Every structure is written in structure tokens, then in C-alpha cells.
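Hi everyone, thanks for coming. Today I'd like to walk you through one part of a structure, strand by strand. Have a look at it with me.

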Amino acid sequence: MADGWNRGTMIYDAFQQKAIDIINSGQSVLVSAPTGAGKTVIAEHVILTSLQQKSKVVYTAPIKALSNQKYRDFQTQFPDSVGILTGDVSINPNAPALIMTTEIFRNKIVENKETLRDYSWVIFDEIHYLDDYERGTVWEEALILMPDHMNILGLSATVPNIEQLGRWIEKVHGRPVKIVKEHRRPVPLHFFYQCQNEIYDDFQKFIKNGYRGVIPARSGQERSSHSLDVKPNRLSTLVKHLKEKGMLPCIYFVFSRKRTEYLAQELQHFNFLDNREEQDVRAMYDELCERFDLTAEASAAKLRPFVERGMAYHHAGMLPTLKEVVERLFTSRLIKVIFTTETFALGINMPARTVVFDEMRKFYGRSFSVMKTRDFYQMAGRAGRRSIDQEGFVFCRVNPFQVSARNLHDMIHNMPEQVSSRFNLSYATILNLFHQYQDHMVDIYPRSLHFYQEKKISRSKAVRLLQRKMKVLKDMKYIQDGELTEKGLFASRVYGYELILSELFSWGIFDKLSLMELGVLCIAVVYEPRKGAQKPKLRGQTKVLERITSDAIKMIHKVEKRADIKPLSKMCCFHLAEAMEGWIKGESFDRILQYSDADEGEVVRYFRMVLQVLRELQETPLPDQAKDQIGKLARIIDRDVVDSERQLRG
């Protein structure tokens, strides 16, 4: 065993040992277990045995934050043997243990399976993401198309149809897939309810008193409460209870970025730390801010007074480096209350003694409704630290006019929702598959989970949608005479924005763009403004670019509407154009934030998405001169807070 890899003699839980025995026999396995049960140990075993056997392993994660955390964790456990590829990050890309987002893995498969020849295992973390409305199709495509020589370890939250998923994968690849299920949590959960500013740990008593005189709300609807004497749930009441009962540290889940900061401000007079802890957290915060170049950042200064009292907030609108500082403070146990959005629950290993839900509803696509059972337990499962706590505490803050007692009971006590297919091939994936299989690529659909789960009518609809997308690609001359055209080859390398970028390529636009115009174009292609965002006034070449992209999108939409494709390809949005111009000119990050109402974390995220698009453009049939421009622009953009590799290396 290589130095640094010896973990000593481990005592595994029964389900962990069962999964490890299956892995050691060389068979694929899906593991379904509650959040916090210890699924990561099984993934670590696959990595360790692969490295010992001089084989290679891929670890896929649903979000970049989780990929980054796993890279840091595994790099510590398996020094010099781990790499990461996430689109905007490429460190040690030929490493024997390679971490990547599922999108990158899917792209590797459809573009060139040969690059995975030496990899014997793929680990799908959070494989229940198959059910994600927007991105679930990526998991399904990866599972359908992955090389047959690779074994699968799928790690999932509790899902009732895990056997069905296993049978489907067996059918696709013609090899056994074993199932391991664990229903028991190593740390049991104890539920509490705050309603009308009273705290209950008995559900029936809570219903009797909290809902007295309340007309039950229908799912997703609210009733006016002005006519009844309803007491609001006070945050101070809840926090005092947690502190007095020794229930800290606490992860407090909120479904709004702004509200995380608002709630922290509401607690600004609380101090959760003793004198020694205050000194320790100040010293640690100063050291981390210096390490991540945050000492001059206004957002770090704004967070400081909360950190000094033992609390923090964490959301996607923050600088990625500042979020990492908060995460490190939390794992040090110096932060006692963290207000955070739900991404904190997704795989990131940060348990607490207590989890609080600010409300029991969240937004699902078009409207608010009571949380799905699976979503609820993904977050509630962060309560209770293994080997530290006897039990985990979950507090539900309930507004009886928003959530009925029946819906609340069902959310907590029902089985989690089944995983359903979201199969919907992108244009780029279709082009890559057509390049390999020509018109027979439609035969891919019968291998899908959608085909496996659905009845004949739904299957027919799915085939017709695939055929309509093929018609769009043929009508727009991406495919001609059974071959990909130059435009089709271009589109096959640019995922998510293939049609708009490929049309501009065919018009010769890329040959004429300056560095500034190329940066503005890319940010407009990727940016999606938040609801209510004000459209900026454009001038000069940016206005010209908007007119050109608008003409291209109108033409694309015309063809898509004729083929009855929904949703239509994304519009170009120039809200961050001025910020990108300033960044390319070399202006400071604080300065460019003044050009937009977007959060600083949002700006960094979209700039990093631009870097991913630029890297994909490097793989297209653009002329060398245009590729030189792209490389130069990428180097200009990828600096300071935007440079995610520097954050990882730090």
C-alpha cells in the first residue's frame, strides 16, 4: 500500500461492508442510504483499491462546489493521485483519480470514449439527480452511453425505486448491478415545530394548538390571516431555545439569498461565543481572509461582525472564496449558527447538531408548494454529527395559513418520491451521436430510463421530439447528406449554447470580433437575468452585437417553433456587458460590480461560465487566429477572484 493511503483497520457499518464486498468482487453497485449515513466511505474504498491496482477511477458530482470539496478531501487522502475537471478548472487532468462534474463526464463519452479506456470505475455521487428537471438528462445520457468496461458505484439518497434503476442499468449494459439499501440513520432525528411562537416536540399537540381556528390551506396556496389572532414565529424565541437546550451548532435553511443576510442581521445582538472563542474566530477569519485575498473586500468586512459573534450566512451570491472561508469556520465549530440556502445540503460534508427550516415550502418551477420528502430529508439529514451527537434535532417553522397539517405530516412521514426520467437530448449530444451512428442514433432512446419507465404514448412523444430536433438540425444545415457539416461539427463541441454560437460562426462573426466584443458576446450568451432585472441601455459595438445576436436568435426560434420545440433556445442577455468590458480593461472587481445589480458571486459564476465556453470554442473548427484570440481572452478573464484554480491550489 502506497504511503498516505493506509487508513488502518476500519470497522464498517453492515451496509458499507456489503457494498465493499460487492465492489471487491468486481461488480457494479447502487447504494441508497439517508444523508449522513456514511456513503462516502464506499467511494473512498473504490478510489483506494483502484489506485492500489494501478487502475483509474472517475468521480462525478452534481455541482462544482461539491467537486471542489471532494478534490481537496481526496487530494489529502491520496496525495498526487487526484485531478479535477469542471469546465473552468483543469488540474492534473490525467490523474488516476479524476473528479469532474457529470456534464464533463457525459461530454467525454459522446465526444471520444477512447479517453476513458484506462478508467475501470465511475462513481456517480447523488445519482438521484437523474430526477432533476433541468439537468437530470445529463446523468441519464452518461449512464446510457458510458463504456461497457467501466463499473458503476452509484450513491443516492433514499429512493423507493432504486431496484428499478439497477434493473434498467443491467439491461442497458448487460451486466449485473447489485443494490444495497440502508434505511437506518446512524444518528436518529428528533422533530420539533415552532408555530404561533410556541415550540412543540409532540406533533399531535402542535396540530391541536398551532392550527386551532385555522382553515386548512390548500397545497401551494395561502389564506389571509388578518382576521385571526395569529402570533408570528419569532427568531429570537427559537434561537434562545437552541442555546439554552445545548442544541448548537445549527444550520438554518432559507430559500432566499437576501433572507439569509436579513436573518443574520436580526440576530446581530446575540453573541454565541465566549471570550476565548471570540479571539480564536477573529484570528482564524483574519488568516483565511489573508490567504484568499479578501482583506480589502467589502463583503468580507460586512460579514466580520457576524463571524465575531459566532454566526454567518452562506449563499450563491457571495464570492466563492468567501463562501469557502465560511465553510472552514463552520467545520472548526466556531460558527454556531449559519443561515444558508439549500445547496449547503448537497453532498457538502458539514453536519451540525440542529437543522432549522425557515419555512416548509419552496419554489418548484412555477409556484410554491410544500417541500418534497426527498428534498426535506436531504437538508434535515445534516442534523446530528456521527460519533458526536446522540440524536439530531430538526426544527420546522410553520405558518399554519401556508401549509396544511396533512401536507406537513405527509412530507415528514411519506416515502421519498421515486426517481423519474428527465431524458431530453441536447442538440450538441444529438450531433455527437449522429456523428457516430447516423440516423440509427434514434435507436439510443429505447435504452433510456424514460423508455424503461413510461407507457407507449409517452414513448411515442419522446421519439417524435427527438425526430423534431433532428429536423431542426437538418433544416438549419447542421446535418447534410448523412454527415455533419462544418457548422454541425462546431455545434457538437459547444454544449448549451450550440445553435446561437454556431450560427454566428457560420456568419463569420468570430473572425471579426475584437477581444472586448468576444468577451461581451460570451457573457451575453451565458447570462440569465434574475426576475425583474432591469435591461441595460447599450451603446456602440455592444448595441451592434445585440442586433446581430437578436437576428440570429429570431431565425433559430422561427425554425424551432415550426418544429414545435419547447423550450426555445435561450436569448442573449447583455446585462453584464459593461462589467465584462471593465474586467477585460483590467479594472478591479469592486469597480466592475458598480456596472450591474448582480450579486458578486453571480458575476464570478458567469465569468467562469464564459471561461468554460472559451475552452469549448478552442475545440471547434475555428481558424487558428480566432483560437489565439480566445486563448488570450481566457488568460485576461481568469484572474483574481475569477481564478478558481488558484482557490483550489490555495
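Seven strands make an open sheet here, running in the order 10-9-17-14-11-13-12, with mixed pairing. Two strands count as paired if DSSP finds at least two bridges between them. This is a predicted model, where local features need pLDDT of at least 70, side-chain atom pairs count only at pLDDT 80 or more, and totals for chains, interfaces and linings use all residues. Residues are numbered from 1 along each chain as its sequence is written, and side-chain values use heavy atoms, leaving out hydrogens and water.

Let's follow strand 12. Over four bridges, it pairs in the parallel sense with strand 13, residues 337-340. Within that pair, Phe 339 in strand 13 is the bridge partner of Tyr 313.

Now for a helix: helix 9, residues 257-266, packs on the sheet and touches strand 11, strand 12 and strand 13. Contact means heavy atoms within 4.5 Å. The direction of helix 9 makes about 170 degrees with that of strand 12. For such angles, axes are lines fitted to C-alpha atoms, for helices over the stretch in contact, and the angles run from 0 to 180 degrees between N-to-C directions.

Finally, a hairpin. Strand 15 (residues 361-364) pairs with strand 16 (residues 367-370) in the antiparallel sense, over four bridges. Lys 362 sits opposite Ser 369 in strand 16. Two residues lie between the strands of this hairpin, and Gly 365 takes a positive phi near 70 degrees.
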